[in-house]
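This report is meant for a reader who meets the structure for the first time. Please look over the sequence and the model before reading on.

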Amino acid sequence: MDFFQSQESLTGIQWILRAIVSFFFLLFVAKIMGQRSLSQLRLLDYIIALIIGNIIAHPLSDPELGLKGSMITMTVLVLLYLAGVFLSLKWGTFRKFVEVPPFPLIENGEIISQGLNRARINIDILLTELRKEKIEDPKKVSLALWEPNGTISFFMNPQYQAVTPSDLHIETKTFHYPTTIIKEGKIDHNELNRIGKDELWLINTIRNTYNLDIKEILLATIDQNDHIKFFYTSLNYVK
């Protein structure tokens, strides 16, 4: 365990052990911090990610810095982060301090320069985000909000929104997301059991209908009507 302590130099094996321990410790830390810190960088997330990155990087490049102290420091910071997340959920005043409420960048087709200044972005960035949403004219936007995680939410003027079946009073079927039952030649038994099917039924169905083996299938899905769609090499077969 000498690789944990500060030393004048480390052997190749000790460097490898430091990297392995740091890697799995970071995985553990990310698991504790939760999906929020991975999916959106808000103020608390950004600060903790920046600090942890610096703390863990130095012992991996400097043998005179011990790994143990860095791990203890990271643990304390993660606990503080979790406390901050809890406070932001339960205490409105603290939440407003660390997470700025959404504010408008566009209202009724008019760009709000004060909003751009507050978000620290210029008109080019706003136009880029409009292009990402396939919006060619800011005049078509009824409202654009700058969100706390640095993204922009766009709401189109009703006259430019796509017509939906409900607008035309057309009845539609209930949406059902297809269930994946085969991935890369392997049967997903959990999903298969969930829909009330078994492996024997699946194998017989595919062999009798398409004369294929399970291992030859890249992806197979099934809908609520037992309609199987599967992908085999570059061809798409539909039952």
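The model is a predicted one, in which local features need pLDDT of at least 70 and side-chain atom pairs count only at pLDDT 80 or more, while totals for chains, interfaces and linings use all residues. Residues are numbered from 1 along each chain as its sequence is written, and side-chain values rest on heavy atoms, with hydrogens and water left out.

**Overall make-up**

The protein chain contains nine helices and nine strands, where helices (H or I, at least four residues) and strands (E, at least two) are DSSP runs numbered from the N terminus. Of its 239 residues, 30% are buried; here buried means under 20% relative accessible area, exposed means over 50%, and partly exposed lies in between, with a 1.4 Å probe and protein chains only. Among contacts (heavy atoms within 4.5 Å) between residues at least 6 apart in sequence, 50% join residues at least 24 apart.

**The open sheet**

Four strands make up an open sheet in the order E2-E1-E3-E4, with antiparallel pairing; two strands are said to pair if DSSP finds at least two bridges between them. E2 and strand E4 (152-156) stand at the edges with a single partner strand each, so one side of each has no neighbour in the sheet. Strand E1 (residues 103-107) pairs with E3 in the antiparallel sense over four bridges, and within this pairing Pro104 stands opposite Leu145 in E3. E1 is also joined by two bridges to strand E2 (residues 110-111), again running antiparallel, and Ile106 has Ile111 in E2 as its bridge partner. The hairpin of E1 and E2 has two residues between the strands, and in this hairpin Asn108 takes a positive phi near 50 degrees.

**Two nonpolar cores**

A nonpolar core is a set of buried Ala, Val, Leu, Ile, Met, Phe, Trp, Tyr and Cys residues joined through side-chain atoms within 4.5 Å. The largest such core has 15 residues, of which Ile181, Ile182, Ile187, Leu202, Ile206, Ile214 and Phe230 touch the most other members. Two or more residues are given to this core by each of strand E5 (179-183), helix H9 (199-210), strand E7 (219-222) and strand E8 (228-232). A second, separate core has 14 residues, including Ala119, Ile121, Ile135 and Ile152. In soluble globular proteins, nonpolar side chains tend to be buried together.

Which residues does Ile181 contact, leaving aside its neighbours within four places in sequence? Ile181 is in contact with Lys186, Ile187, Asp188, Leu192, Ile195, Leu202, Ala220, Thr221 and Ile222 when those neighbours are set aside.

Thr179 is found in strand E5 and counts as buried because its relative accessible area is 9%; leaving aside neighbours within four places in sequence, its contacts are Glu191, Arg194, Ile195, Ala220, Thr221 and Ile222. Thr221 has its place in strand E7 and is buried too, at 14% relative accessibility. Not counting residues up to four places away in sequence, Thr221 touches Pro178, Thr179, Thr180, Ile181, His227, Ile228 and Lys229.

Lys134 counts as exposed because its relative accessibility is 72%. Asp226 likewise has a positive phi, near 60 degrees, in a residue other than glycine, and is placed in the loop between E7 and E8; with a relative accessible area of 33%, Asp226 is partly exposed.

**Side-chain arrangements**

A charge sits over a ring if NZ of Lys or CZ of Arg is within 6 Å of the ring centre and within 35 degrees of the ring normal. The table gives two such cases.

| Charged residue | Ring residue | Distance to ring centre |
|---|---|---|
| Arg118 | Phe103 | 4.3 Å |
| Lys197 | Trp201 | 4.7 Å |

At the start of H7, a side-chain oxygen of Asn122 reaches to within 3.1 Å of the backbone nitrogen of Asp124.

Notes
A polar contact is a pair of N or O atoms within 3.5 Å; within protein, one must be able to donate a hydrogen and the other to accept it, and residues adjacent in sequence count only if both atoms are side-chain atoms.
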